[in-house]
Amino acid sequence: AEVEIDVVDVSITGIGFTCKEELELGVIYEGTLTIWTKEKIKVFLDIVRRHEKDGSINYGADFVGLPDLYKRKIGVYQTVEEETLKQGENIAE
């Protein structure tokens with residue numbers, strides 16, 4: 001069965017997301033992630049964290065077997081996002 005998730009954050013090692021459905025800790029799920037280049041990549045997620053908040057469930061999952069090419073692309077996005085935030089903070093000062 002498919003479930004919809006709302007991505008909160010992504011790093012080269014994993015993903016944080018919310019989901020209305022219950023997912024089990026320690027279970028590996030298959031999914032499709034659309035990255036910033038608009039590419040859709042197949043990912044395998046090992047659910048390692050679960051926390052209920054405001055009627056939805058926050059999850060943390062580690063990527064399992066994510067190819068280095070996609071790790072690099074996610075890493076580039078993460079770096080740009082961090083730098084953009086830093087510049088925004090500097091502008092506000």
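These are my notebook entries on a predicted model of one protein chain.

**Entry 1: ground rules**

I am working with a predicted model, where local features need pLDDT of at least 70 and side-chain atom pairs count only at pLDDT 80 or more, while totals for chains, interfaces and linings use all residues. Residues are numbered from 1 along each chain as its sequence is written, and side-chain values use heavy atoms, with hydrogens and water left out.

**Entry 2: the overall layout**

I began with the secondary structure and found 1 helix and 5 strands. Helices here are DSSP runs of H or I with at least four residues, strands are runs of E with at least two, and both are numbered from the N terminus. Reading from the N terminus on, I get the order β-β-β-β-β-α. The C-alpha trace spans about 45 × 35 × 20 Å along its principal axes.

Then I looked up burial. The chain has 93 residues, and 25% of them count as buried. Buried means under 20% relative accessible area, exposed means over 50%, and partly exposed lies in between, with a 1.4 Å probe and protein chains only.

**Entry 3: salt bridges**

Side chains of opposite charge can pair when their charged atoms come close. I counted a salt bridge where a side-chain nitrogen of Lys or Arg lies within 4 Å of a carboxyl oxygen of Asp or Glu. That rule gives 4 salt bridges, and I wrote up three of them, as follows.

Glu-22 pairs with Arg-50, with the closest N and O atoms 2.9 Å apart. This pair links distant parts of the chain: Glu-22 sits in the loop between β2 (14-19) and β3 (28-34), Arg-50 sits in strand β4 (residues 40-53), and they are 28 residues apart. Glu-22 is exposed at 57% relative accessible area, whereas Arg-50 is partly exposed at 29%.

Arg-50 also forms a salt bridge with Glu-52, and here the closest N and O atoms are 3.3 Å apart. Glu-52 counts as exposed, at 52% relative accessibility. Through shared partners, Glu-22, Arg-50 and Glu-52 join into one network.

Next I checked Lys-42 and Glu-30, whose side chains meet in a salt bridge at 3.3 Å, N to O. Lys-42 lies in strand β4 and Glu-30 in strand β3, so this pair ties together parts that are 12 residues apart in sequence. Lys-42 is exposed at 55% relative accessibility, and Glu-30 is exposed at 53% relative accessible area.

**Entry 4: the largest pocket**

Which residues lie nearest the centre of the largest pocket? I noted Val-3, Ile-5, Glu-30, Gly-31 and Thr-32, out of 18 lining residues. For a pocket, the search uses a 1 Å grid over the protein atoms alone and takes an open set of points where a 1.4 Å probe fits, with protein on both sides within 12 Å along at least five of seven lines; lining residues have an atom within 4 Å of a point.

The space in this largest pocket is about 460 Å³. That volume is the space filled by probe spheres set on the points, with grid points joined across faces, edges and corners. β2, β3 and β4 each supply at least two lining residues of the largest pocket, and β3 gives the largest share, with 6 residues.

By class, the lining of the largest pocket divides into 12 nonpolar, 3 polar and 3 charged residues. Nonpolar covers Ala, Val, Leu, Ile, Met, Phe, Trp, Tyr, Cys and Pro, charged covers Asp, Glu, Lys and Arg, and the others, Gly among them, are polar.

**Entry 5: the second largest pocket**

The second largest pocket holds about 310 Å³ of space. It has 14 lining residues, and those closest to its centre are Val-7, Asp-9, Val-10, Tyr-77 and Glu-81. β1 (6-10), β3 and α1 each supply at least two residues of this lining. The largest share, 6 residues, comes from α1. I find 9 nonpolar, 2 polar and 3 charged residues in this lining.

I came back to Tyr-77, which lies in helix α1 (residues 68-92) and is partly exposed at 38% relative accessible area.

Lastly, I looked up Ile-28, which is found in strand β3 and counts as partly exposed at 48% relative accessibility.
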